[in-house]
Each structure stands twice: as C-alpha cells, then as structure tokens.
4 protein chains.
Amino acid sequence: MQTSARSSGPRARKNVGIMTGFPPPDFAGRITRSFGRQPAMALIGAELTRVEHGTVEIELPFDEKLTQQHGFLHAGVISAALDTACGYAAYSVIDADASILTIEFKVNLMSPGRGERFLFRGEITKPGSNIIVADGRGYAISDGPAKLIASMTSTMMVVRGREDITE
Amino acid sequence: MQTSARSSGPRARKNVGIMTGFPPPDFAGRITRSFGRQPAMALIGAELTRVEHGTVEIELPFDEKLTQQHGFLHAGVISAALDTACGYAAYSVIDADASILTIEFKVNLMSPGRGERFLFRGEITKPGSNIIVADGRGYAISDGPAKLIASMTSTMMVVRGREDITE
Amino acid sequence: MQTSARSSGPRARKNVGIMTGFPPPDFAGRITRSFGRQPAMALIGAELTRVEHGTVEIELPFDEKLTQQHGFLHAGVISAALDTACGYAAYSVIDADASILTIEFKVNLMSPGRGERFLFRGEITKPGSNIIVADGRGYAISDGPAKLIASMTSTMMVVRGREDITE
Amino acid sequence: MQTSARSSGPRARKNVGIMTGFPPPDFAGRITRSFGRQPAMALIGAELTRVEHGTVEIELPFDEKLTQQHGFLHAGVISAALDTACGYAAYSVIDADASILTIEFKVNLMSPGRGERFLFRGEITKPGSNIIVADGRGYAISDGPAKLIASMTSTMMVVRGREDITE
C-alpha cells in the first residue's frame, strides 16, 4: 500500500456541491423572525449572527447563570444553541410551506465551556425532502484562536400541513 | 424457529443486578449540594426530586420562557435536564474523591414538549472506573398518564485529581 | 429533599403499556422470511431466536473471522446484529404494507466482545406511524452470567409505496 | 441583522490547524500491520487505501454477501468500515506505546448502500491524550460523482499498558 497514493473520487469534493439547489425565497427573513419568537434563545442571551443557504450561526456571551457546578457553560445550553443553529440551517434549504422538527441529535463535548463568547455553527450535511442531516460545531472565543468545544450531528424531519408547527 | 420459545440467558435478568456495589457514603448529600451550585438548573426552574444509588430524577414545571418557536419545551432544556439527571446518577456510583465529566450524549425527541410538568430520570446502564454509561428518559406530565417525550444515552468519564472539576 | 420520597407518575409505569396496539397479522412469519433473505446475517452466522410484538432477538456464536485486531467481536458485527434486531422489532409493530428504513443509530461499546455466544435484543421504545425508536442490548454469553457488551438506540422511518423497499 | 456580514473568528479556520503535532514515527506501518490482522476486514473485502496523519480511508467493492434484505450494503458493514477508518485515524495521532478502544459511535444512513465500490474516510476532529473524537464519511462510487451514503461520529479512548489491547 502506498499511503495517500490513490486519488479516490470524493476526496477533493468534500464539502463542495452539497447546496446545489436554489435557496428558498426570503429564507433569511423567515429564520430571523422565527428566531425572534424563541423565548429560550432570549433566556440564554443568544443572537443570530449569520444566515446563509445551508449555514447558520448563533453567538452568545458567557454568563454565569448559564453554567453548571464547575463554572463551565452547561451542556444543555450548548445543546440548545447547536440544535437551534442546525435547525435553522435546515430551514434555509426547505420550501416556505414546510417546517422542521428535530428527531434526534448527538453532542460531543470536547473541551470545557470556558470563554468570553461562544459561537455555534450549523451546516447542512445532507438535504432531503423528508429527512435532513446537519452538523454543528461550537467554539469558545477569548483572546487567541477560537477553541472547538462541542460538535453535534442532528437528524431532522421536514413536516408539512401541521398547524401547530409552522415556522 | 419458534417465536419466543427459547429462554436465552439475559432475558430475565434485564435491569437487575447492575448496581451491585456498595453506594458511596453520603452520595445523596454530595449530589444535592452540587445540584444547588448549578446556576443553569435554577435558570430553568429544575428541582432535584429523587436521588438513589444509580437513579436520579429532576422535575421542572412548564414555563413559557423555556420554549422554542412552536411553544414546546426547547430541546436544549430537555438536554440540560437529562444530562444533569444522568450526570448525578453517575455521581451516585463513584467514590467521593472522583468527579464526572460528560463526554457525549445522544437525545431522541419523541413527542413535543407539551405538559404542565416534566420529569427527567437518569439511570446507570454500565458503571465503571473510567467510563460510565447512563440512560435517561423525559416525561411530560399533565392529567392522565405521563408521556415519554425524550430519551438520552450519555457517556461520562470519571475524573480524579483535577482541581477545576471537583463535584 | 428526601431521597426517593416522592412518587412521580412515570416511575412505576416504566416499560409498561408501550405495546398497546394489536400486533399486525403474521408479523413473525414476515420477519422470519425477511431475515432469511439477508446475506449479511448468514455471513456473520446470525440466527433469529425470538420474535415477539415489540421485541426481537438475534444470536450468533463467536467466530474468529468476525474479530478485530485484538481478537474481540468487531464493533461492525455488533452493530449489524443490533441494527437487525431493532429493525425487526420495528417490523413487528407496523402494518403489513409498510416497511422500515434505519435513519441512524448510536452504539455504546461497554465491554470487549469476548464470549462463546452473543445475544442481541431489540425492543421498541417509541412506536409511531412515521418514526420508530428502538433500543438494543448486546450480551456476551459464556459460563456464568451474561455480560452486557453494547447498547444501541436506533431511529427508523416507516416507508410505504417504495418498490425497492418492501420487507 | 445582516446575513453573513460578521466575520466571527472560527469561520475561516474550519478544518485547519487540527493536526498540529508531529506524527508518531511509522504510524502508517503500524496501521497497515494492524489492519492486516483484522479478520473482519478480510471478511468484508475491505482494503486500506489511504493512511495520513489524521486521515485514513478504507474501500471495498460491492458484494451481494454484504447486503441486507433490500439488496443494499448492510448498515453493519458500513459501521464496520467507518469504525475501522476512524479508529486508524486515531492510531495515526497517538504514541507508539498507546492503543485505541472505541467507546461509542453514531452512524447516520443518508442514502441506500448501492454502488460498485464504497469509500470510507475517517478524520480526527479532536485529538487528545485520553479521548479522541473522529468523524467519518461513507461514499458509494459508480459512474458519476460519489454519493454520500453515511456519516459517523466516533468517540475513542486512548489506552496504555493493557496487554490484551496493543495495536
């Protein structure tokens, strides 16, 4: 075996060409309005800072009220922000008459949630008409380089025609 | 093949005999004190309602401030409560000089977070000196039977000798 | 707080009353025939040993060809058996004209895959018309008590009307 | 809010700078020898096709014996290949006297396992002296562009001094 001698197809294409469809009209407006209706996001001081076709970011400043017993950002707060970022990334690739429900997610906690601010990014890994998969990353930001603190893989369902779940 | 004719070993033993070790001294006091030092638990109105060797429960009343855009309990709040219940279930089976860090968890959201109250239970599935696995269940409680709304499987690490992570 | 003094609703009902619907006609026959059409199950020497409404078990003897570099049962073989057990548990609760696709699963590896035989059980945690969640457990069996070696949580989709996915 | 107007720190740095340490000596030789001692990899016809610091790829041709009842590659085979790719990616970043145990993984199945060949890549997301997190991707390869069929996030433990787990 030669290490890295073969040039198998998908190597160079990683993360390219996933978002080939046209973005839905006014997805950014829809996402921004929906985010504004989330009391839980206000509770944790989260701000929507980036909305693109397939990618959404949320940021929040450190706040002692969001911590667990060791003084780190609580894993539930990290999950809330990553789930929201992944969910709105999914909203950015669906039709205006559809909505999103999270079926499940997995969170890896890689470093303690210490920092001045935190950034959470959700990106679409697999769009779909029924099931959408997104991956998220959480970073702690202080002086110096951002530090990866958590990742999420989220599986979501596209729902239509449910009056209790609109946007 | 006869359906269910065989009596394979582990069938009858399910959920039996896992917590065979002696419980650590005053684990309930340690857990109660640690829970009281979690600002994030106060923020979401969570209460520690059951502490046993291998099992911990947390409850919280519905509060509009904890909801997402559809008015359901936010998945991040569900994760916070389940992670905490699983984490303290792990504290109930480790020595007093050790502590717990969550490495990762998976959450399945099975029904919308609607109800008057919510109960979250964490139970030890696999104790260990290095790695502990716990499973959690979340229920919505109103009139009528409790409804399963979420599950968690959590993988935790037993840490010793870290001054920033005590209890 | 009194430890375990409160008697919150879902405690006593755990694992009770989930499978309240009528089982679909001849689900055991359907599952047995489908299992027999899985070349991968033959490859790993798996046998279907229990089929009930909501619960399916698969067993396989240890075989050196199924091992990884340390001589333990490969995590992929464990995943194959658990995914199959969970999948057929889902088949046992759906209509005869529907079929099942696994969307995702999580596997925890708790002890090395050492033993004379292995038993894998899949059980329905949450039935549904669109999404079904099952939990699996894997056990190593030798002399003495069975040993829990792995767990799975699996999310599956109920599909209808797809000619390439029948049973 | 302006969409994508802010330039938050970690955006440009994604996937850059993770593998900053020196690679361990002869990691490719060690991985190649260990792969050759995995009977389960021979069983599924897997070939080690790329070994780099932090990245490992495995490929296998379609074979009817590896399929489930619909004729697609079995999820267990996908898991076996992804777990192996992620595991050896971890071996590529640890010292020669350490070894790797998989604690848990999550697999998302995104498209049916149909194709002439399959490629599975494991990449280190978070190196560490105790816990390593890797992400994997599986692709089906036929004529035309490779198709993403599955992803994995894997959590692994670095073990030292265990005679039954060497390499």
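Author: A residue is called buried if 20 or more other C-beta atoms lie within 10 Å of its own, exposed if 12 or fewer, and partly exposed in between; the C-beta atoms are placed from the backbone. Helices (H or I, at least four residues) and strands (E, at least two) are DSSP runs, numbered from the N terminus. The model is predicted: local features need pLDDT of at least 70, side-chain atom pairs count only at pLDDT 80 or more, and totals for chains, interfaces and linings use all residues. Residues are numbered from 1 along each chain as its sequence is written, while chains are lettered from A and ligands numbered from 1 in the order in which they are written.

Reader: Which residues sit on each face of it?

Author: One side of β5(B) has B:Ile131, B:Val133, B:Asp135, B:Arg137, B:Tyr139 and B:Ile141. The other has B:Ile132, B:Ala134, B:Gly136, B:Gly138 and B:Ala140. Both faces are covered.

Reader: Take B:Ala140. Why does it count as buried?

Author: B:Ala140 counts as buried because it has 22 C-beta neighbours inside 10 Å.

Reader: And what is B:Ala140 in contact with?

Author: Contact means that the C-beta atoms of two residues, placed from the backbone, lie within 7 Å. Leaving aside neighbours within four places in sequence, the contacts of B:Ala140 are B:Gly113, B:Arg114, B:Gly115, B:Phe118, B:Ala146, B:Lys147 and B:Ile149.

Reader: Which strands does β5(B) pair with?

Author: Two strands pair if DSSP finds at least two bridges between them. β5(B) pairs antiparallel with β4(B), residues 117-126, over nine bridges, and with β6(B), residues 147-160, over 10 bridges. For example, B:Val133 stands opposite B:Lys126, and B:Ala134 stands opposite B:Ser154.

Reader: How many residues are in the turns?

Author: The hairpin of β4(B) and β5(B) has four residues between the strands. The hairpin of β5(B) and β6(B) has five, and in it B:Gly144 takes a positive phi near 85°.

Reader: Zooming out, what order do the strands take in the sheet?

Author: The open sheet has 12 strands, with antiparallel pairing, in the order β1(A)-β2(A)-β4(A)-β5(A)-β6(A)-β3(A)-β3(B)-β6(B)-β5(B)-β4(B)-β2(B)-β1(B). The edge strands are β1 (47-52) of chain A and β1 (47-52) of chain B, each pairing on one side only. From one strand to the next, the twist averages 20°. Axes here are lines fitted to C-alpha atoms, for helices over the stretch in contact, and angles run from 0 to 180 degrees between N-to-C directions.

Reader: What packs on that sheet?

Author: Helix α1(A), residues 27-36, packs on the sheet and touches β1 and β2 (55-61) of chain A, with its direction at about 160° to that of β1(A). Helix α3(B), residues 75-91, lies across β3 of chain A together with β2, β3, β4, β5 and β6 of chain B, at about 40° to β4(B).

Reader: The order goes from β3(A) to β3(B). How many bridges join those?

Author: β3(A) and β3(B), the latter being residues 98-109, pair in the antiparallel sense over five bridges. One of the bridge partners in β3(B) is B:Asn108, which goes with A:Glu104.

Reader: How many residues of chain A touch chain B?

Author: 31 residues of chain A are in contact with 31 of chain B. The elements of chain A that give two or more residues are α2 (39-43), α3 (75-91) and β3 (98-109). β3(A) gives the largest share, eight residues.

Reader: How many are nonpolar, polar or charged?

Author: That side of chain A has 12 nonpolar, 11 polar and eight charged residues. Ala, Val, Leu, Ile, Met, Phe, Trp, Tyr, Cys and Pro count as nonpolar, Asp, Glu, Lys and Arg as charged, and the others, Gly among them, as polar.

Reader: What rotation superposes chain A on chain B?

Author: A rotation of 180° with 0.0 Å of shift along its axis, at an RMSD of 0.0 Å. The two copies are thus related as by a two-fold rotation axis. Superposition is by least squares on the C-alpha atoms of residues with pLDDT of at least 70 in both copies. A:Lys106 is the residue of chain A that comes closest to the axis, at 2.0 Å (C-alpha). Also, 100% of the interface residues of chain A are interface residues in chain B, so the copies meet through the same surface.

Reader: And chain C, how many residues of chain A touch that?

Author: Six residues of chain A are in contact with six of chain C. β3(A) supplies the largest share, three residues.
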